[in-house]
Amino acid sequence: GQIAAGLAISVVGFYCSYLLWIPIAVSLSLGLLLVLRIVGMVLSLGGAVLFLWARRTLGAMYNASTSSAVQLQTNHRLIQYGPYALVRHPIYLSYWIMLVGLLAVYRTWMLLFALIMMLISLSKRARREEQVLEATFGDKWREYAREVPRFTPHWRQIHYG
């Protein structure tokens, strides 16, 4: 039942993605197109590096979840170093950076739609995660949240603890 439904949703999703892989009609010079492609590739690569850095920093605390419920690992620790010293949600930020990069390279409606949907859904997910983290870590979380922005980094010293 669930597998068949998941497969059907995936097929419909891929088909819709195919239909929306329509270029956004914008007239750009060849020079600007080249700049967009280079910037897009740099952003995509930078987003991938940020993802890998954040994923490695989390280590055993990483928990990919497809449900709306937030579940922490047993003996979960509050990670506050590496990319987590710059922003509270570097993995979500990495997804957005990669999508912006892909959008700059390919300029399709599908990528724009995906970026908007990811901005909305991951912002909501981050708020749910923060509620669980605050309930779990209390004052330690609140102090961290006061010091470190949710998504937009402020460039200060990174702690590699």
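Biologist: How many helices and strands does the protein chain have?

Modeller: The protein chain has five helices and zero strands. Both are DSSP runs numbered from the N terminus: helices are H or I with at least four residues, strands are E with at least two. Keep in mind that this is a predicted model, where local features need pLDDT of at least 70, side-chain atom pairs count only at pLDDT 80 or more, and totals for chains, interfaces and linings use all residues. Residues are numbered from 1 along each chain as its sequence is written, and side-chain values use heavy atoms, leaving out hydrogens and water.

Biologist: Why does L20 count as partly exposed?

Modeller: Buried means under 20% relative accessible area and exposed means over 50%, with partly exposed in between (1.4 Å probe, protein chains only). L20 has 33% relative accessibility, so partly exposed it is. You'll find L20 in helix α1, residues 2-20.

Biologist: And what makes up the nonpolar patch on the surface?

Modeller: L20, I22, W109, F113, I116, M117, L119 and I120 form it, with about 700 Å² of accessible area together. Nonpolar side chains (Val, Leu, Ile, Met, Phe, Trp, Tyr) are joined within 5 Å, like charges within 9 Å.

Biologist: Which helix gives the most to the nonpolar patch?

Modeller: That's helix α4, residues 109-137, with six residues.

Note on methods
Patches are made of residues with over 30% relative accessible area and no salt bridge: like charges are joined within 9 Å, nonpolar side chains (Val, Leu, Ile, Met, Phe, Trp, Tyr) within 5 Å. Accessible areas come from the Shrake-Rupley method with a 1.4 Å probe; for residues, only the protein chains shown count as cover. A salt bridge is a side-chain nitrogen of Lys or Arg within 4 Å of a carboxyl oxygen of Asp or Glu.
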